[in-house]
Structures are given as C-alpha cells and as structure tokens.
Amino acid sequence: MEVMFFLGENERSKQTQFPIDSCHRMVTVYVEFRGEAKRKLGIDKLTVELPENASFIELLEELERRSGWSFKNEFVDESTGSLSSKVVVLVNKTPLRRDFKLLKFKNGDTVVLFPHTVCGG
C-alpha cells in the first residue's frame, strides 16, 4: 500500500512509501501549521495518512519523520509528559488539553498546530 501526503494548497506533492499491515485501516488527518511551524516548514497544510486510532504522539512522530523538525520536543514537555504550556493545539476546532494521550484520530480529523505561543505584551 502506498501512503501519500500533500504539501500546501498549491498541490506540491511528495510521496512516501512504507509497508502497512493489510489488517490496519488508515485514516486521513488534515494538519494545519501556524506560527513558527509554518515558517520553518515553508508550508501551511499537510494531509497525513495514519493507522486508525493513531495517537497525537504518533502524529508528531510521523511529522518529525517527514520534515526532520522535532515536533515532539516542541509540543510535549519531556519533564511532565504533558502538552507543553507554550503551544496551542486544536483538534476539530477544540483545544487539546493535557489529556491528549486519550485522543485517537478518526478519518477526516483536522489538527491545527501553534508552536511557541506567546501571550501578553
């Protein structure tokens, strides 16, 4: 089975192939990048195929693998294992909270990643 993801809205595409166990269903997750992630990656959207019920950590690992950018370090606080207080993550327009480990992606989910969010003046 071939897995594809698309970079940006202008249909720049890149294909990645890796073996997938035929008994696992795949889901499409739409990822939008804001702030530093958008600047570093040079794209604003990405379509990712993941195994059904994949976790947020699995999404971050897949994004890391494809981009070379350390998504887990940006979004997860290593000392607590929680979502970093410096980021905002929306899943289907709902803020992802510290209980992100309970999240399991379903087909068509949309994720918006805002790394290094700074509030105040």
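Helix H2 spans residues 56-67 and comprises twelve residues; from its first C-alpha to its last it reaches 16 Å, close to the 16 Å expected at 1.5 Å a residue. The model described here is predicted. Within H2, the buried residues are Phe56, Leu59, Leu60, Glu62, Leu63 and Arg66. Viewed down the axis of H2, its buried residues fall within an arc of 160 degrees, so they line one face of the helix. In general, an α-helix has 3.6 residues a turn, so residues three or four places apart point the same way. H2 is followed by glycine 68, which has a positive phi near 85 degrees.

| Pair | Centre to centre | Angle between planes | Arrangement |
|---|---|---|---|
| Tryptophan 69 and phenylalanine 71 | 4.7 Å | 80 degrees | edge-to-face |
| Phenylalanine 71 and phenylalanine 75 | 6.3 Å | 15 degrees | stacked |

Tryptophan 69 and phenylalanine 71 are both buried, and phenylalanine 75 is buried as well. Helix H3 (residues 71-75) holds both phenylalanine 71 and phenylalanine 75, which lie four residues apart, about one turn of the helix. Through ring pairs, Phe33, Trp69, Phe71 and Phe75 are linked into a cluster.

Leucine 83 belongs to strand S6 (residues 82-83). This residue counts as buried because its relative accessibility is 6%, and buried means under 20%. Leaving aside residues up to four places away in sequence, leucine 83 touches several residues, including Phe56, Phe75 and Phe100. The C-alpha atoms of leucine 83 and phenylalanine 100 are separated by 7.1 Å, although the two residues are 17 residues apart along the chain.

Terms used: Residues numbered from 1 in each chain as written. Predicted model: local features only at pLDDT ≥ 70, side-chain atom pairs only at ≥ 80, totals over all residues. Heavy atoms only, no water. Helix = DSSP H or I, 4+ residues; strand = E, 2+ residues; numbered from the N terminus. Buried < 20%, exposed > 50% of the residue type's maximum accessible area, 1.4 Å probe, protein only. Contact = heavy atoms within 4.5 Å. Expected span 1.5 Å × (residues − 1). Arc of directions from axis to C-beta. Phe/Tyr/Trp six-rings, centres within 6.5 Å; stacked < 30°, edge-to-face > 60°.
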